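Trainee: Could you walk me through this structure and show me how to read its features?
Mentor: Gladly, let us look at it together.

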Amino acid sequence: MSTPVGHRPPPAEPLPAAGAAASSRLSVYAESTSVVQGGRLGLRIGRPRGYGRFRVRVHDDISGELVVDTRRRSSRWWLDVPRDWPSSLYRVTVTDQDGDVASAPDEAQAWFVVRPRRPSAPTLLSLPFTTWQAYNRFGVPGEGLYPAEDPRRAVRVSLDRPGGGPPPERWEHGLLVWLRRRGEAVDFCSNLDLHDGAAELGAYRLLVVNGHDEYWTWEMRDRVEGFVRDGGNLAVFGANTSWWQARIEDGGRSLVCYRDPTTDPIARTSPGRATVEWSSAPANRPENTMTGVSFRRGAGCWGPDMPRMREEAYTARFAEHWVFEGTGLRNGDAFALGTLGYETDAADFREIDGVPRVTGRDGTPRDFVVLATADLRHWRAYGQGGWATMGVFSSGAGTVFNAATVNWGAGLDDPVVDRVTRNVLARLSAPPVAGRWDVIGEPAPVHALVAHRGDLVAVGDGALLTRELCGQNLTWRHLADADGLVALAAPREAVPNGPQEVHAATIDGRLVRWTGHGWAPAGTVPAGTAALAIADCRIFAARADGTLWAAPLAADARRWTAVGVAPPLAGLTAEHGRLYAACADNQLRSAAAPPPDRPVHGWTALGPLDGVTVIAADGGRIVGVGPGRCLRWRTVTPAATA
């Protein structure tokens, strides 16, 4: 049976002197990065020869509360963690008897997380111990993993050594304090708990990654990506996330990162696990696929220029999105001044009529919705020029939000940053809500709508309009004149001997189809037709009173047959053999498209329409718009209240 990483049980014999125990200065390290409530944590204390008693104090680092104050002589101390200690980040400080630090402060402190005995909150926050250890002993030849371009840097460092706590900038601290101050229900873990599975991810709705979480193992990524794919959610209030692949070796007590596939021995046998940038060969697993963004197109300002980050702000690009609910922002407004830095992440995107749209060339999922951007290309004078790109996307059954900046926690006194954070936590930590409508575009005077080959096609103000069918708030483009058109429909599946074009009903009872260059005659429709749908190689027509007809789509001489009555409706659409109706009583309803000799029956309520009157179906979603309402979509899954 293998021993979980970072959770080695107390050994029967004393450990050999190493790290703190062999130090010539007063120092300390924890033998694990986390311990469960009611568990026991081993601490190793190093001291100069002849040194007598020393003082050990333990603080809840988030609240600042002193929870242990004792004096010891032994170089080994077991901390018995009470069951009632809150899940939190804790700090151990070793001093002389008078409380003075007798050596470098980072060596005289150790850090660990207390995990709950059982998950007690919907949200789990992971702390980046691997990154803290990677920066430990920065610049010390053979002992620090940094600087990256220093040939004297180490490729393997021990976790059993002093230091390895938060950096002086405390990138993670702002969010931790904010969560505690607000009384948010959050459990904590070390990211090594994600590596070895000690964190029971499946018991949570939301995983939060915070600050500067740069070093990820293969196991961490597999577990987090699987969690999201299966319906969990991920919120990243950080940047430079999962930039390097690292390994945990030596029984869980060493962190390894060669950065070079030619020297990493595992590259010959398991090239995908080579410790290189995740997006580089031979790993070829861009972090964008998990987080949506990457430092590769992000920005950084370092050294004496780091204060420059406080001069930058985000620009809102999709103010109607739920992430910005209650902020009062409008597109083009600046917000989050001072939160951008010292490193940011970004997605490759292009502007389409003034709206950002990701390209997917860098590994960012195509359904990534850009919420805000910051042009930081001028940072090339301070370190790395690039962008910051805040956004959200779906991955499997889960949702990923990314603030895309290391310094997000420093801006939580800003009302907009505060509200965005609250919106993200509230939505992603809650149970999933079926039938919820989400905004994907601005209001438009549209009275007919259809999805066709990855685009939306609409009729409004006498024009045929189109835009890509996606979650980004793209603008409508003029395609052609469309005077007299009252309804649209298009086949989604193959139609034997039939056209694949968009079909339209006219106010004078004609059926026409769009050839790409103009409208061609396709027959007639029943008088009073107000809505169309195509399903199972047949075309359905409906009056506003709910009267339905059907006819073969590919027939030369089309004969319409009455097939029943739906509730009075404003819109009709179809997908995968099902009809969907936007009904006059503000309900979305669905029924199976019947065989040719049977009527439509068994309409099922799927939930409220939220002001939608015109609908289209595609990819398991209903897209809709109504008078004065933003373009929006929802899944076809019935609402919980239906």
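Mentor: Let us begin with a helix: the buried residues of helix 6 are V416, V417, D418, V420, T421, N423, V424, L425, R427, L428 and S429. Buried means under 20% relative accessible area, exposed over 50%, and partly exposed in between (1.4 Å probe, protein chains only). Helices (H or I, at least four residues) and strands (E, at least two) are DSSP runs, numbered from the N terminus.

Trainee: Before we go on, what kind of model is this?
Mentor: It is a predicted model, where local features need pLDDT of at least 70, side-chain atom pairs count only at pLDDT 80 or more, and totals for chains, interfaces and linings use all residues. Residues are numbered from 1 along each chain as its sequence is written, and side-chain values use heavy atoms, with hydrogens and water left out.

Trainee: How many residues of helix 6 are buried?
Mentor: 11 of the 15 are buried, so helix 6 is largely enclosed by the rest of the structure. The helix covers residues 415-429 and spans 21 Å from first to last C-alpha, close to the 21 Å expected; that expectation is 1.5 Å times one less than the number of residues. At its start, a side-chain oxygen of D414 comes within 2.8 Å of the backbone nitrogen of V416.

Trainee: How do I read a nonpolar core?
Mentor: In soluble globular proteins, nonpolar side chains tend to be buried together. A nonpolar core is a set of buried Ala, Val, Leu, Ile, Met, Phe, Trp, Tyr and Cys residues joined through side-chain atoms within 4.5 Å. Here the largest one has 84 residues, and F237, Y314, F335 and F401 touch the most other members. A second, separate core of 21 residues includes L26, V28, L43 and I45.

Trainee: Which residues is F237 in contact with?
Mentor: Contact means heavy atoms within 4.5 Å. Leaving aside neighbours within four places in sequence, the partners of F237 include F401, W408 and, from helix 6, T421, V424 and L425.

Trainee: And what about salt bridges?
Mentor: A salt bridge is a side-chain nitrogen of Lys or Arg within 4 Å of a carboxyl oxygen of Asp or Glu. The whole structure has 34 of them. In one, D61 pairs with R170, with the closest N and O atoms 2.4 Å apart. D61 lies in the loop between strand 4 and strand 5, and R170 in the loop between strand 10 and helix 2, so the pair ties together parts 109 residues apart in sequence.

Trainee: Are D61 and R170 buried or partly exposed?
Mentor: D61 counts as buried at 6% relative accessibility, while R170 counts as partly exposed at 24%. In another salt bridge, D160 meets R253 at 2.8 Å, N to O, and both of these residues are buried. Salt bridges that share partners also join R156, R247, E249, D250 and D264 into one network.

Trainee: Where does S294 lie?
Mentor: S294 is in the loop between helix 5 (288-291) and strand 17 (300-301), and is buried at 3% relative accessible area. Its side chain makes a polar contact with that of E287 at 2.5 Å. A polar contact is a pair of N or O atoms within 3.5 Å; within protein, one must be able to donate a hydrogen and the other to accept it, and residues adjacent in sequence count only if both atoms are side-chain atoms.
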